[in-house]
Amino acid sequence: METSEALPGGGIALADLQHVFEAPGPFLSVFLSTEARVENAAQRSEARWRTLRAEASSLGAPEDVLSEIDPLVEDAHERGEVFAAIATPTGLVHTEHGPSPLPTDDVRWGPLPHLLPIVAWRQADPPHIIVLTDRTGADLYAIRRGAPDVERQVQGDHDEIRKVAPGGWSQQRYQSRAEDSWQHNADEVVDAVTGLAERIEPHVILVAGDVRAVSLFRERLPERVNAPVVVVDGERPWDGSQANLPPDLRAAIDATVRSETDRLLERLAEELGQHDKAVTGLAAVARALSRAQVATLLLPERSIDRTLSFGPDPTLVSTSHDDLVGMGVDDAQEGSADDVLLRAAVSTGAQVRLIPAFEDPAGDRDLEGDVERIDAKLKDGVGALLRWA
């Protein structure tokens, strides 16, 4: 068995969703638009929910489960543009709020939860740290979807921070002490960011603020913090307010997301070309997941219009119902391919990446030709990078 070299980062870790798949089904999956920037937002959300609720009831969702969702709808628009709820006959198992409305509201009642939109939200907003720094310290924000945000202020205890020219014999000593203060405060910021990075494993660290403070921060950040550091224009708000966060943060995060996808696709193309640690196609990917062989599962952003057979154990996955019966699985079921593959990936510790259709109207993507056409190489729209060949 040949082990793989380190895979590029970019897969989304979904360990916090494992409890959803472990709950006993069937599952109710609700995705309800909760637009905030409209008049009477609460009333509109509740009207949409009444329609979706009736559909859920007709599909077989129990009344007591629907009643548990009812009180969560009224204020949902205050937390996001989409409200997601996953429930079983025993009650709610997961709720989450998305950043932008889906094309249509969606409700499903089936053997597995439908989590593809939630994965898309996680991928579009990966864990990241924002550092707004100056010579006195920094405001830090650690953002991880699905977990509470962490906000922290680091204020250095060295207050001799201005480089001036007082003249006379004291000039060199004064400037040396000022430089020491900047470096000391930068060390405190770095220590705090390192601690946050160990907690949330950021995909990117975004830094803005005083040019000298930013430079000192980058120089001192230890190698074990391996997330890329991206400098954006902006300053540390004097009042520590989030209302004045730099406007370029969103563009920098979007660029990180695209870059991570590109790196994974480049690796996939390389491994496929070598007939090595990658597979494509539902059958091959299902087989690799059943062996806990998958490091990163690649799925299309849009649902796959195919089904797979699965058993009680998440690694019992096959394109053939008869194969599972032949393995002694008496209660094999059929489910949406996306949901079955996600369940197997999460249960085996694989990361997940959703692959968009390649559209580059601006012509600014720098991809090799075979990577630009990788969607055509993904048989059945799915693929996997493997832990071993």
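Colleague: What comes after helix 7, and what is its phi like?

Modeller: Helix 7 is followed by H275, and the phi of H275 is positive, near 50°. Keep in mind that this is a predicted model.

Colleague: How do you know that the length of helix 7 agrees with its number of residues?

Modeller: Helix 7 covers residues 249–273, which is 25 residues. The expected span is 1.5 Å times one less than the number of residues, so helix 7 should span 36 Å. Its end C-alpha atoms are 36 Å apart, so the two values agree.

Colleague: Why are F31 and W121 called an aromatic pair, and what makes it edge-to-face?

Modeller: Ring centres have to lie within 6.5 Å to pair, and the rule gives a count of one aromatic pair. In that pair, F31 and W121 are 6.2 Å centre to centre, with 75° between the planes. Planes over 60 degrees apart count as edge-to-face, so that is the name here. The pair also links distant parts of the chain: F31 sits in strand 1 and W121 in helix 4, 90 residues apart.

Colleague: Are F31 and W121 buried or exposed?

Modeller: The cut-off for buried is under 20% relative accessible area. F31 has 1%, so F31 is buried. W121 has 5%, so W121 is buried too.

Colleague: Which residues line the largest cavity, and which element gives the most?

Modeller: The structure holds one cavity of 30 Å³ or more, and the largest has a volume of about 60 Å³. Its lining includes T133, D134, W182, N185, R212 and L216. Helix 5 gives the most, with four residues, while strand 5, helix 5 and helix 6 each supply at least two.

Colleague: What classes of residue make up that lining?

Modeller: The lining has five nonpolar, three polar and three charged residues.

Colleague: Why are strand 13 and strand 14 called edge strands?

Modeller: They belong to an open sheet of three strands with the order 13-12-14 and antiparallel pairing. Strand 13 and strand 14 each pair on one side only, and they are the edge strands.

Colleague: How do you know that strand 12 and strand 13 pair?

Modeller: Pairing takes at least two bridges. Two bridges join strand 12 to strand 13, so they pair, and they run antiparallel. For S309, the bridge partner in strand 13 is S318.

How values were computed: Residues numbered from 1 in each chain as written. Predicted model: local features only at pLDDT ≥ 70, side-chain atom pairs only at ≥ 80, totals over all residues. Heavy atoms only, no water. 1 Å grid on protein atoms, 1.4 Å probe; cavity = no way out; pocket = protein on both sides within 12 Å on 5 of 7 lines; lining within 4 Å. Points joined across faces, edges and corners; volume = space filled by probe spheres on them. Nonpolar A, V, L, I, M, F, W, Y, C, P; charged D, E, K, R; others polar. Phe/Tyr/Trp six-rings, centres within 6.5 Å; stacked < 30°, edge-to-face > 60°. Buried < 20%, exposed > 50% of the residue type's maximum accessible area, 1.4 Å probe, protein only.
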